[in-house]
Amino acid sequence: MKSWLMNPVLNKEFKLRFRSLKSFLGVLFYVLAIGIIVIGMIFVQQLSSMGGVNPEQSRELFMMLSVLQFALIIFITPGLTAGVISSERERQTLNILLTTSQSSSSIIIGKLVSSVAFLLLLIIASLPLYSIVFLYGGISPRELLTVFALNVFTVFVVGSLGVMFSTFIRKTIAAMVTTYGVMLFLVGGTGFLALIATSFTQMSQTGTPTTNILVYLLAMFNTPITLVNLFQPSIGEEIARMSGVSFPLWIAHLISYTFIFITAIVLSVRKLRPKMKAKK
Amino acid sequence: MIEIIGLTKQYGKFTALDHLDLHIGEGTVFGFVGQNGAGKSTTFSILATLLAPTSGTAFVNGYNILKDPKKVREQIGYMPDFFGVYDQLKAEEYLDFYGASYGISVNERKKLIPQLLELVNLTDKRDSYVDLLSRGMKQRLCLARSLIHDPEVLILDEPASGLDPRARIEMREILKELKAMGKTILISSHILPELAEMCDVIGIIDQGKLKAQGSVAEIQEKLQGAKSMMVKVNRNIERAFAFFEDNPDISEIERHEDGASIQFLFKGNAEAQQQLLKACIMQELDLVSFAEIETDLEDVFMEITNGGMES
């Protein structure tokens with residue numbers, strides 16, 4: 001396989017990305033939105049604590065910022081990726097692209113990486129805001145890096161789902177709705193179901209302690225739980241206690257999401273071009 | 001070279017292509033004619049490996065579209081009937097992108113792109129944004145794109161549709177150049193005269209079936225079972241007219257306004273044609289010319305496709 005830098009789709013998308021004002025404005029508003037919220041939160045904290053800086057508060061702020069950024073990324077990624085193939089189909093440029101000798105995997109990966117690259121840019125552009133939080137202490141660089149890595153990882157997984165639905169569904173709008181729906185389930189749905197499962201486990205805890213593996217399985221697929229678990233390891237311990245599974249939750253999350261990622265990419269590559277049905 | 005064998009495409013109950021067999025030799029310009037929805041674009045899409053056939057197969061330069069779609073893509077330059085372009089991409093970059101998609105090196109692309117722009121008369125537009133070009137220019141640019149990997153076979157779906165007369169002529173000139181370069185060209189149109197002039201062979205497709213194939217004259221002969229003939233006389237046109245009218249092999253005889261020409265359909269073979277000419281001379285008709293002519297293609301086309309509908 002050719003190196004990614006030689007990928008024609010990727011090169012073209014990079015070139016075009018910043019030819020329109022849209023992308024510049026995107027970065028501006030993203031940083032602005034996060035910036036306003038962070039400064040607002042600092043302001044509120046200052047008010048409530050009557051001045052003075054508390055590292056515990058700073059840590060809280062970092063968590064909130066991370067969750068906020070995470071939510072924004074999950075919100076933006078489907079919009080950026082769920083149209084990559086279907087919009088080419090709608091604009092009637094896909095047919096021509098598919099008759100070139102470029103491989104399906106090269107097209108899919110080029111499309112995914114080019115959209116994801118823009119999201120990475122957003123994340124990197126927001127890093128200076130984290131430095132405000134750093135100023136007050138309370139968090140380690142390691143934590144920051146972990147959050148950053150989890151963000152990047154999630155962007156790739158959500159992006160791969162977007163690309164997959166974009167390949168399978170003809171209309172961009174339908175592909176986006178589907179991707180948002182699936183993300184809503186992965187973020188909210190699994191969390192909600194995990195809560196229900198938890199309450200069932202607690203209810204039946206009157207006699208001998210029972211465990212419910214479902215709690216673990218649902219939590220494994222839930223990104224917010226994984227994120228919060230980074231700051232509050234007690235959540236992971238609680239889940240391990242209820243489910244009886246002591247395997248680290250974040251590793252299970254990485255494995256399950258890597259599986260989703262690979263499946264989505266493989267299915268997209270297969271679906272992009274029609275099967276010509278090779279007869280034996 | 002293109003070899004199509006029993007190609008069939010069904011969409012549910014609708015049969016878009018019905019056991020199509022076709023052989024197109026190397027360097028041939030083959031015109032595919034048919035009404036909208038007759039199956040032209042379906043055939044082209046299958047050949048371009050964009051659509052899987054229900055049954056049957058095709059070979060492009062010996063590569064099976066079912067088994068070697070990748071190789072087939074390398075052999076063909078495809079221009080769809082409808083296509084879009086990317087926004088904010090310049091003509092030069094447009095070609096560069098597709099060149100890269102065919103794995104052509106940067107240096108080679110740099111040499112190739114000016115040549116292609118020259119071929120389609122777009123050199124002065126190389127820095128223009130593609131989406132702002134006129135329709136005719138876009139069509140020409142798309143043609144240049146389909147040539148970027150120097151394919152031996154060109155599959156052009158309605159390359160002149162929606163163009164004004166001038167752009168149409170420009171397109172035709174470019175196609176002539178390509179023909180001179182020895183490319184095998186498969187070109188479609190729903191307007192016959194557009195094709196007749198530059199095609200070696202014409203295939204008429206209707207309701208997914210090939211109704212006729214051959215040169216324009218051959219098609220006519222095959223379909224009408226007769227060839228159009230025109231005789232010119234120096235004088236005594238009435239006598240000549242009466243002579244031809246009496247011949248049972250001659251039909252649809254008519255006199256031209258110039259008062260010297262008679263046109264008719266003749267059913268006989270070459271032998272009979274020779275006998276007819278001999279008889280003319282024996283009868284001392286004052287002939288100055290006796291020749292087969294090509295009739296208006298549109299008449300032929302209408303006849304064939306209408307016939308298809310009736311059956």
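The following legends describe close-up views of a predicted model.

Local features are given only where pLDDT is at least 70 and side-chain atom pairs only at pLDDT 80 or more, whereas totals for chains, interfaces and linings use all residues. Residues are numbered from 1 along each chain as its sequence is written, chains are lettered from A and ligands numbered from 1 in the order in which they are written, and side-chain values use heavy atoms, with hydrogens and water left out.

**View 1. Chain A comprises 12 helices and 0 strands.** Helices (H or I, at least four residues) and strands (E, at least two) are DSSP runs, numbered from the N terminus. The C-alpha trace of chain A spans about 65 × 50 × 30 Å along its principal axes.

**View 2. Helices H2 (residues 21-48) and H3 (residues 55-81) of chain A pack at an angle of about 155°.** Their axes lie 11 Å apart; axes are lines fitted to C-alpha atoms over the stretch in contact, and angles run from 0 to 180 degrees between N-to-C directions. The angle makes H2(A) roughly antiparallel to H3(A), a term for angles over 145 degrees, with those under 35 counting as roughly parallel, 65 to 115 as roughly perpendicular and the rest as oblique. Residues in contact (heavy atoms within 4.5 Å) include Tyr30(A), Ile34(A) and Met41(A) of H2(A), and Leu61(A), Leu65(A) and Leu72(A) of H3(A). The residues of this contact divide into 13 nonpolar, 3 polar and 1 charged. In this division, Ala, Val, Leu, Ile, Met, Phe, Trp, Tyr, Cys and Pro count as nonpolar, Asp, Glu, Lys and Arg as charged, and the others, Gly among them, as polar.

**View 3. Chain A and chain B bury about 2,900 Å² between them.** Buried area is the accessible area (1.4 Å probe) that two parts lose on being put together, summed over both. Of this area, 59% is on carbon and sulfur atoms. In chain A, Ile96(A), Thr99(A) and Met276(A) lose the most area to chain B, together 25% of what that side buries. The interface brings 27 residues of chain A into contact with 38 residues of chain B.

**View 4. Arg91(A) forms a salt bridge with Asp87(B).** A salt bridge is a side-chain nitrogen of Lys or Arg within 4 Å of a carboxyl oxygen of Asp or Glu. The closest N and O atoms of Arg91(A) and Asp87(B) are 3.2 Å apart. Between chain A and chain B the count is 2 salt bridges.

**View 5. Glu92(B) forms a salt bridge with Arg126(B).** The closest N and O atoms of this pair are 3.8 Å apart. The pair links distant parts of the chain, 34 residues apart: Glu92(B) lies in helix H3 (residues 91-101) of chain B, and Arg126(B) in the loop between helix H4 (106-119) and helix H5 (135-146) of chain B.
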